[in-house]
Amino acid sequence: MSGRRWRDFDVWLLLATVCVVMLGVALIYSATYTSQSDLPLQERSYFRQAMFGLSGLMFVLLLAALDYHWLGHIQWIVYAAVLGMLALVMVLGKSGFGAQSWLSAGRGVQPSELAKVLLIVVLAKFLADHEEHLANPVWLLTSLAIMALPVYLIYKQPDFGTALVVVAIWLGLIFTAGTRPTHLIIMAAGLAVATPLMWLSLKGYMRERVLVFLNPASDFSGISYNTRQALISIGSGGWFGKGLLHGTQSQLYFLRVRHTDYVFSVLCEELGFVGALALLGLLVFILWRILRAARLARDPFGRLIACGVAVMIFFQSAVNIAVNVGLMPVTGLTLPLVSYGGSSLWATLVGIGLVESVVIHHRRLDFSD
């Protein structure tokens with residue numbers, strides 16, 4: 001690709017992303033050091049996360065070099081691949097953490113993570129092609145159908161958290177594309193009417209999480225244990241924390257799944273309020289650079305891709321942190337770029353790579369000179 005293109009590469013976005021990934025590796029190292037010190041290096045979580053991060057950064061560079069318009073030409077092939085992956089999980093998937101979401105036992109690939117970022121491309125292209133016709137509810141309902149089928153397959157795993165992320169991405173994209181407020185109000189009313197049916201469709205443990213969140217006194221099975229320990233971790237960190245490897249809640253195993261869902265609590269306990277503020281500042285900076293890419297995009301397709309990635313990162317971050325501080329029921333969503341999980345990290349970095357592609361290709365090259 002022309003060197004003139006690479007001059008527009010958003011180095012600041014890449015540097016901020018690398019900083020967050022490195023912070024995540026450090027927190028995973030601290031949270032798992034005592035429990036994994038006897039494992040070979042290649043089996044330790046922090047080492048694997050670092051390897052996922054390095055390979056994911058290669059994805060960023062490769063996708064940045066790829067003109068995102070090419071993905072628009074194979075929109076329906078991408079959609080078919082998403083459905084194929086999710087259907088394959090339903091047949092051959094392995095169970096882990098209460099969900100049949102992996103394509104191999106142990107540390108396998110989680111297709112639902114990749115599906116959510118690929119669906120950004122599919123939905124962005126569809127809405128961009130019909131942006132001028134969204135006043136007609138037929139096109140809006142068609143985009144809903146495009147989103148609903150993979151969401152159903154993800155929900156059936158069951159992976160309620162990732163299904164919520166895809167719905168949030170769709171809502172963000174239709175809002176950005178210019179859907180009429182009247183249509184949004186009608187959809188909100190329909191959602192309210194369908195709420196009882198949605199409640200009945202939830203798995204028993206999902207309903208129990210919501211009920212315990214609304215009434216903590218009803219927790220007789222220990223569902224809120226992690227949330228209580230997370231709050232203790234966050235509150236005990238003070239301004240500057242206890243230092244890496246010195247968090248009592250994480251090092252003494254009071255806080256479970258501390259390197260995945262509750263890594264933010266480890267951050268608050270060991271690096272304190274200042275450390276948490278630094279992470280939040282980096283995430284806000286990343287979102288700002290992504291929204292800058294949306295503003296620079298020369299077409300609706302690029303603008304919607306960038307907005308979709310921003311919604312994905314913002315929604316996951318907000319929900320994960322809200323769960324850690326006890327403001328939401330447990331959802332199982334990871335903290336983007338920070339929590340342990342190769343598929344989740346790759347998916348977010350693929351999204352960053354797509355944003356870089358939008359930035360690099362936002363100019364029309366003039367060869368006259």
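**Terms and their criteria**

Tutor: The largest cavity has a volume of about 50 Å³, a volume being the space filled by probe spheres set on grid points joined across faces, edges and corners. The model is predicted: local features need pLDDT of at least 70, side-chain atom pairs count only at pLDDT 80 or more, and totals for chains, interfaces and linings use all residues. Residues are numbered from 1 along each chain as its sequence is written, and side-chain values use heavy atoms, with hydrogens and water left out.

Student: What makes a set of points a cavity, and which residues line the largest cavity?

Tutor: On a 1 Å grid over the protein atoms alone, a cavity is a set of points where a 1.4 Å probe fits but cannot get out, and lining residues have an atom within 4 Å of a point. The residues that line the largest cavity are D261, Y262, N320, V323, N324, V330, T331, G332 and L333.

Student: Why is T348 called buried?

Tutor: Buried means under 20% relative accessible area (1.4 Å probe, protein chains only). T348 has a relative accessible area of 2%, and is therefore buried. This residue is found in helix α15 (residues 342-360), a helix being a DSSP run of H or I with at least four residues, numbered from the N terminus.

Student: Why does I352 count as buried?

Tutor: I352 counts as buried because its relative accessibility is 0%. I352 is also found in helix α15. Leaving aside neighbours within four places in sequence, I352 is in contact (heavy atoms within 4.5 Å) with L13, T17, V60, I286, I290, V309 and I313.

Student: How do you know that the span of helix α14 agrees with expectation?

Tutor: The expected span is 1.5 Å times one less than the number of residues. For the 25 residues of α14 (residues 300-324) this gives 36 Å, and the end C-alpha atoms are 36 Å apart, so the two agree. Moreover, 19 of these 25 residues are buried, so α14 is largely enclosed by the rest of the structure.

Student: What span does helix α13 have, and where does α13 bend?

Tutor: Helix α13 (residues 263-296) has 34 residues, and a straight helix would reach 50 Å, yet its end C-alpha atoms are only 34 Å apart. α13 bends by about 125° at L271, the bend being the angle between axes fitted to the seven residues ending there and the seven starting there.

Terms used
Helix = DSSP H or I, 4+ residues; strand = E, 2+ residues; numbered from the N terminus. Buried < 20%, exposed > 50% of the residue type's maximum accessible area, 1.4 Å probe, protein only. 1 Å grid on protein atoms, 1.4 Å probe; cavity = no way out; pocket = protein on both sides within 12 Å on 5 of 7 lines; lining within 4 Å.
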